[in-house]
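Take a look at the protein below. Keep the sequence and the 3D view side by side as you read.

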Amino acid sequence: MHSERILVVEDEEALSDILRDALKRHGYKIERAFDGDTGLEMAEKLLPDLIILDIMLPRMDGWEVCRRLKENKKTSAIPIILLTARRDEQDVVAGLDLGADDYIRKPFSLIELAARVRSVLRRSKANNNKENSIKIGPLEMDFERQIVSLWGENLDLSPTEYHLLEILARNKERVLSREELLAKGWGYYLGDSRTVDVHISRLRRKIEEDPENPKLLHTVRGRGYMIKWKEKSA
């Protein structure tokens, strides 16, 4: 059984009940809020292991809640799964850009919900790989302490950004497809590859001096992404 605490921020009481009951059956401890203001307050007080956050909320929408959580050092590392009934891809991209780790479109199956929750929680936990550190050009990763530094300065990465960078770093100079990154990073083979692209874009803004001309995190057209230090990009 699980011991992780999950905060569900959802204003539709019937759906909130379904989420609570489904996640409790998997052994998670569930806390609930029904509006954005209360959700933000509870997140700061309880520091849950995961937040499931609806986008369309009263008093403060999910985007604003997400933004404030990620800007607060106390809560910035808490992984967030967005719930959305909206079909516009840009709405999803906006949420991921704010620092959300994953999203689920309504309606969804409880099997999908459980799988995504497990995947996000797994990414936020410490890595047990035997290799303790790696250095690629000016980028250094200490896997034991989960610290990433660039030119000697520590970087502030979300759990998903860290996990994605770790996957690429452990496969340095090897091209990983979007599908492979989805499988390794999110735990499923079929999904929206746009999720990978958005997180790659966010990573580039943090590790590249000029994200438009990367020296570390490269796009290999038609194939995927690769970490390799190049003084001058091809």
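The paragraphs below go through strands, a helix, cores and a few side chains.

This is a predicted model, in which local features need pLDDT of at least 70, side-chain atom pairs count only at pLDDT 80 or more, and totals for chains, interfaces and linings use all residues. Residues are numbered from 1 along each chain as its sequence is written, and side-chain values use heavy atoms, with hydrogens and water left out.

Start with the names. Helices (H or I, at least four residues) and strands (E, at least two) are DSSP runs, numbered from the N terminus. Burial comes next. A residue is buried at under 20% relative accessible area, exposed at over 50%, and partly exposed in between, using a 1.4 Å probe and protein chains only.

How many of the five residues of E3 are buried? Five of the five are, so E3 is largely enclosed by the rest of the structure. Look at its two sides. Leu50, Ile52 and Asp54 are buried on one, and Ile51 and Leu53 are buried on the other. Both faces of E3 are therefore covered.

E3 also has partner strands. Two strands pair if DSSP finds at least two bridges between them. Strands of a sheet pair through backbone hydrogen bonds, either parallel or antiparallel. E1 and E3 run parallel, joined by four bridges. There, isoleucine 6 stands opposite leucine 50. E3 and E4 run parallel too, again with four bridges. Here aspartate 54 faces leucine 83 of E4.

Stay with E4, which covers residues 80–84 and includes threonine 84. This threonine 84 is buried, with a relative accessible area of 1%. Contact means heavy atoms within 4.5 Å. Leaving aside neighbours within four places in sequence, threonine 84 touches Ile55, Val92, Ile104, Arg105 and Lys106.

Now find helix H2, residues 36–46. Its buried residues are Gly36, Asp37, Gly39, Leu40, Met42 and Ala43. They pack against strand E1 (5–9), strand E2 (29–33), strand E3 (50–54) and helix H3 (62–71). At the start of H2, a side-chain oxygen of aspartate 35 comes within 3.1 Å of the backbone nitrogen of aspartate 37. Just after H2, leucine 47 has a positive phi of about 50°.

Move on to another sheet. It is open, has four strands in the order E6-E7-E8-E9, and its pairing is antiparallel. E6 and E9 stand at the edges with a single partner strand each, so one side of each has no neighbour in the sheet. E6 and E7 pair over four bridges. Lysine 135 has glutamate 140 in E7 as its bridge partner. Two residues lie between the strands of this hairpin, where glycine 137 takes a positive phi near 60°.

E7 and E8 also pair over four bridges. Leucine 139 has leucine 150 in E8 as its bridge partner. Four residues separate E7 and E8 in their hairpin, and glutamine 146 in the turn has a positive phi of about 55°. Two bridges join E8 to E9, with leucine 150 opposite glutamate 153.

A nonpolar core is a set of buried Ala, Val, Leu, Ile, Met, Phe, Trp, Tyr and Cys residues joined through side-chain atoms within 4.5 Å. The largest one has 26 residues, and Met141, Leu165, Leu168, Leu181 and Leu217 have the most contacts inside it. At least two residues each come from several elements, including strand E6 (133–136), helix H6 (159–170) and helix H8 (194–207). H6 gives the largest share, six residues. Apart from this core lies another, of 24 residues, among them Leu7, Leu53, Val93 and Ala100.

Finish with the rings. The structure holds one aromatic pair. (Rings of Phe, Tyr and Trp, its six-membered ring, pair if their centres lie within 6.5 Å; planes under 30 degrees apart count as stacked, over 60 as edge-to-face and the rest as tilted.) Tryptophan 151 lies in the loop between E8 and E9 and tryptophan 229 in the segment after E11, so the pair ties together parts 78 residues apart in sequence. Tryptophan 151 is exposed at 64% relative accessibility, while tryptophan 229 is partly exposed at 26%.

Notes: A polar contact is a pair of N or O atoms within 3.5 Å; within protein, one must be able to donate a hydrogen and the other to accept it, and residues adjacent in sequence count only if both atoms are side-chain atoms.
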